[in-house]
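Subject: Structure handover

Hello,

Here is the structure for you to look through. Please open it first, then read my notes below.

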Amino acid sequence: MKQIAVKDITQKVRDLCISAACNLEPDVANAIKAAFRKEESELGREVLGQIIENFEIADTESLPMCQDTGISVFFVEVGREVSLDGSLVDAINEGVRQGYKEGYLRKSVCHPLKRLNTGDNTPAIIHTSIVEGGKLKIKIAPKGAGSENMSRLKMLKPAEGIEGIKGFVVETIKDAGGNPCPPIVVGVGIGGSFEMCAILAKKSLLRAIGTPNPDADLNKLEGELLDQINNLGIGPMGFGGRTTALAVHVEAHPCHIASLPVAVNIQCHAGRHKEVVI
Amino acid sequence: MSEPVRISAPLTDAAVEKLKAGDKILITGVMYTARDAAHKRLIELLDAGKELPVDLKGQIIYYVGPTPERPGQVIGSAGPTTSGRMDAYTPRLIELGLKGMVGKGARGKEVLDAIKKHKAVYMAAVGGAAALIRRSIKKAEIIAYEDLGPEAIRRLEVVDFPAIVVNDVYGGDLFLQGVEKYRRVS
């Protein structure tokens, strides 16, 4: 058995919360810079230029790149040989508490009906899976509401097939317009069940931009969807232009013979994701 | 690339009439922050026939909930939030004399009608450019609803705050015009 102390998890989570808010990952930064070089619209270039200047300032001065430092979403893979000396959930929540306080991040979590802020950005949303081995992998994806609010889920009829899926994805992005802070990354979950397609869509957003989908069919679908979305003309911040999405990521899972669940989870240009292995 | 237009806040009718959808602007002067919770309270005061904590005549509201400032900082990161969530409240504030709004994303029909009728302007700042935008904010002071934390109403003094005109008094709409120009029918 590999012993892991929960206080180490708390420390790592604290640091991840702060660095995710301030330091944009290179895959996203490079995709935005590539879009800036290609964008034809003058206002589109102005917006992309400000976005690049912004994440460079945030990185240098250790400032949150966006004031919406998000609700804290985690994907945790626990090796089956790992033994913890306490609660994983408590350790992660304590890390969030410390990170959001000590990193001067905005606390954006509240009771859904009473709308009272919990004051420390907890509870985190934690998805856990048991895997082989003796390591603990923690992935964080703080999620802002601007893009999350534009996300959708639909139970399609199997007869609607791939054209139905494409139509739903493109319509979702069209209706979102400038709200989710384009250029966006579009996460699509196909199949599974009602809740699973949403989790697949979210999980797909954690894949680094520019890495091909290992499934050839899904890779092709990603390319076709990206072209259709960028042909909408929404552009950076919705002011018109060629860059509406930086990437489309699709994950799929077998589903019931009578179902075709599809979820579209939109990620803004501040595509924050970090991971650590203990 | 066209040069930005410099405007001062609060705004006058004459200043608003000069602005066209698509103009890049730099705002210098005073703006007030408010988002969902503060708007709700303002409308509740109006419903109760009470006075607002700030006279909105000529003013600009910036839809923002900043991160907490570190010791010595004027304000934390402070980019725009989605304006559409304020649509239910905005027309009444425009009727009271509110002249400008800064946020991100599209507005509803009632807001666009009020903008034309009462001569106001809707501007967008770049969503997510919060560390850049904070540099143009030179002073920030909470004037109401401190208990709302990031959603408290703040009086900001800004210099060269970068924004883009989205909806002007003539019915111009940058979102419609921009998409029309770059859309490819497949």
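Of the 186 residues in chain B, 49% are buried. Keep in mind that this is a predicted model.

**Chain B overall**

Chain B has 6 helices and 7 strands. Along the sequence they follow the pattern β-α-β-α-β-α-β-α-β-α-β-β-α. The radius of gyration of chain B is 16 Å, and the globule rule gives 16 Å for 186 residues, so chain B is as compact as a globular protein of that length. Its C-alpha trace spans about 50 × 40 × 35 Å along the principal axes.

Now look at contacts in chain B between residues at least 6 apart in sequence. Of these, 61% join residues at least 24 apart.

**One residue in chain B**

Find B:Met86. It sits in the loop between strand S3 (60-62) and helix H3 (90-95) of chain B. Is B:Met86 buried or exposed? It has 23 other C-beta atoms within 10 Å, and a residue needs 20 or more to count as buried, so B:Met86 is buried. Leaving out residues up to four places away in sequence, B:Met86 touches B:His39 and B:Tyr63.

**Where the chains meet**

How many residues of chain B are in contact with chain A? The count is 41 residues of chain B, against 42 residues of chain A. On the chain B side, the elements that give two or more residues are helix H5 (130-133), strand S7 (153-167) and helix H6 (174-182). H6(B) gives the largest share, 7 residues. By class, this side of chain B has 19 nonpolar, 16 polar and 6 charged residues.

**Helix H1 of chain A**

Turn to chain A. Helix H1 covers residues 6-22, which is 17 residues. At 1.5 Å a residue, H1(A) should span 24 Å. Its end C-alpha atoms are 25 Å apart, which agrees.

H1(A) has a set of buried residues, among them A:Ile9, A:Val13, A:Leu16 and A:Ile18. A:Lys12 and A:Arg14 are also buried. What do the buried residues of H1(A) pack against? Their partners in chain A are strand S1 (2-4), helix H3 (42-61), helix H4 (88-102), strand S5 (136-140) and strand S10 (274-277).

**A helix pair in chain A**

Two packed helices are described by the angle between their axes and the distance between the axes. H6(A) passes H8(A) in a right-handed crossing.

Which residues meet here? From H6(A) they are A:Lys166, A:Val169, A:Val170 and A:Ile173. From H8(A) they are A:Leu225, A:Gln228 and A:Ile229. By class, this contact has 5 nonpolar, 1 polar and 1 charged residues.

**One residue in chain A**

Last, find A:Ser62. It lies in the loop between H3 and strand S2 (73-79) of chain A. A:Ser62 has 15 C-beta neighbours inside 10 Å, so it counts as partly exposed. A:Ser62 and A:Gly103 are 41 residues apart along the chain. Their C-alpha atoms are separated by 9.1 Å.

Best wishes

Notes:
Residues numbered from 1 in each chain as written. Chains lettered and ligands numbered in written order. Predicted model: local features only at pLDDT ≥ 70, side-chain atom pairs only at ≥ 80, totals over all residues. Contact = placed C-beta atoms within 7 Å. Helix = DSSP H or I, 4+ residues; strand = E, 2+ residues; numbered from the N terminus. Nonpolar A, V, L, I, M, F, W, Y, C, P; charged D, E, K, R; others polar. Expected span 1.5 Å × (residues − 1). Buried ≥ 20, exposed ≤ 12 C-beta atoms within 10 Å, placed from the backbone. Rg over C-alpha atoms; globule rule 2.2 N^0.38 Å. Left-handed = near helix turned anticlockwise from the far one by under 90°.
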